[in-house]
Amino acid sequence: MLSFFLTVLESAADRRLFASIYEQHHSKMERIAINMLKNQGDAEDAVQNAFMQVIRNFEKINQIPSEELPFWIISIVKNECYMILRKQKRVVLVDDLSLFAERAADVPDYAALVDLFSNLPDTYRQVLEMKVLLGYTDKEISARLGITETAVSTRASRGRQLLQDILDKEGFQL
Amino acid sequence: MTEQELDRIMHRVLLDSMKAEAEQAGEDQGPSFEPTARHKRQMRAMLEDPRRWLRRRERPLWKRAAQRAAVILLMCILAFGGVMAFSPAARAGVIRWVMERYGNRIDFVYSGEQNREALPEYGIAELPEGYVETQRYASPGSALVVYEDQSGGAINLVYDYMSEGAMASYTLNEDDVFDITVHGMNGLFFQTRISGNNNSLTWIDESQNIQFSVDGNFDMEQLLALAESVSLCKTPK
């Protein structure tokens, strides 16, 4: 971690880029945080924690297509909100995909698929977002969500299997 | 379908579901975000020097869970209380920091002019056996020195020049907090209750306008000994 400190955000150009990211996204991050947490102090903590993640992962920024960056950042702030809710025990992670088996059987097109994944239980969404979008390791996800690495791996596999099953269905339109 | 193709589709689906959710969030009329003065200060400090801000917030202390509220206010300023009560000029000249407590967080907020010279080089003179200096990083306002041994143990010495726009934040979780003195200078010792985490110690040298902190996997007595051996290695030219 230390060597990271010594190399990122060192140049004036990096700092300008960081300031520009802040200017473009902080309002959205704040709105998401206050909507999820309903508490100013917690929302501020979530936003600050999210910016810590942005700084830590700053080297990835240049590799993220600009159209994806807002969602990458939203994902980070949402995860920080979930972390706070979990610590406060204001959210219980439900490990139940059974309700989705029924819905998954009736996903005719891509829009319905997106809608289905929008409504995945948070525990699956968070694991998948951290793993697929943010590139976190199972160990990092395990630490952040307070679940075992096995549970992380299981949820990621089930999420992928759900997607695979839908895509394999005859007549599905991607 | 290959694994890579599946991952690519998953990536796209997750992004699109987030996009839909973000659009929905934009339409929701929830509570509004009204930033506190503390948050604004944090954001200013972050924009001024993101690395320094992150480093300050990322000490092992940040990562500990649950709360312990036994915080004792550092009283260095009181030593000057008589003078400051009567002289606003003296007060402006002397006070370089205030300590603020918000919930489980302690902020040391600095004031005063920026340091225009390089910081002096400090180091821990009496290191535990096997420890050697492995890294040293310095900017005009801040320095970090790392000592490591062969077994992976590490001691971090951090010191910051106290000036306007900078601050040091500590999130207290399951830490017991004790007031201590280092060569007569007041400070705090943060003792974690979480096995494997580092304890930390911070103190303020008002004569130099510098806040020091040392952390490592050591008890209070050992960290105090390390702190008391901190001395000047090199003065700026």
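Modeller: A crossing of two helices is called right-handed if the near helix is turned clockwise from the far one by less than a right angle, and left-handed if anticlockwise. Please keep in mind that this is a predicted model.

Biologist: Thanks! Which handedness does the crossing of helix 2 of chain A and helix 5 of chain A have?
Modeller: Helix 2 of chain A passes helix 5 of chain A in a right-handed crossing.

Biologist: What makes helix 2 of chain A and helix 5 of chain A roughly parallel to each other?
Modeller: Let's set the value against the cut-off. The axes of helix 2 (residues 12-37) of chain A and helix 5 (residues 69-87) of chain A come within 10 Å and cross at roughly 30°. Angles under 35 degrees count as roughly parallel, and therefore these two helices of chain A are called roughly parallel.

Biologist: Which residues make the contact?
Modeller: Helix 2 of chain A brings H25(A), K28(A), M29(A), I32(A), A33(A), M36(A) and L37(A). Helix 5 of chain A brings P70(A), I73(A), I74(A), V77(A), K78(A), C81(A) and I84(A). By class, the residues of this contact divide into 11 nonpolar, one polar and two charged.

Biologist: What does the rest of chain A consist of, helices or strands?
Modeller: Chain A has 10 helices and zero strands. Of its 174 residues, 36% count as buried. Residues 24 or more positions apart account for 65% of the contacts in chain A with a separation of 6 or more.

Biologist: Now to the partner chain. How many residues of chain B are in contact with chain A?
Modeller: The answer is 39 residues of chain B, in contact with 39 residues of chain A. Helix 1 (3-27), helix 2 (37-48), helix 3 (50-57) and strand 4 (132-139) of chain B each supply at least two residues of that side of chain B. The largest share, 16 residues, comes from helix 1 of chain B. This side of chain B has 20 nonpolar, nine polar and 10 charged residues.

Biologist: Why is H183(B) called exposed?
Modeller: H183(B) lies in the loop between strand 8 and strand 9 of chain B. H183(B) has 9 C-beta neighbours inside 10 Å, so H183(B) counts as exposed.

Biologist: And why is N209(B) called partly exposed?
Modeller: N209(B) sits in the loop between strand 10 (199-205) and strand 11 (210-216) of chain B. A residue is buried with 20 or more such atoms, exposed with 12 or fewer, and partly exposed in between. N209(B) has 17 other C-beta atoms within 10 Å, so N209(B) is partly exposed.

Biologist: What is the phi of H183(B), and what is the phi of N209(B)?
Modeller: Phi of H183(B) is near 50°, and phi of N209(B) is near 55°. Most residues other than glycine have a negative phi. H183(B) has a positive value in a residue other than glycine, and so does N209(B).

Definitions and conventions
Residues numbered from 1 in each chain as written. Chains lettered and ligands numbered in written order. Predicted model: local features only at pLDDT ≥ 70, side-chain atom pairs only at ≥ 80, totals over all residues. Contact = placed C-beta atoms within 7 Å. Helix = DSSP H or I, 4+ residues; strand = E, 2+ residues; numbered from the N terminus. Nonpolar A, V, L, I, M, F, W, Y, C, P; charged D, E, K, R; others polar. Axes fitted to C-alpha atoms, helices over the stretch in contact; angles between N-to-C directions. Parallel < 35°, antiparallel > 145°, perpendicular 65-115°, else oblique.
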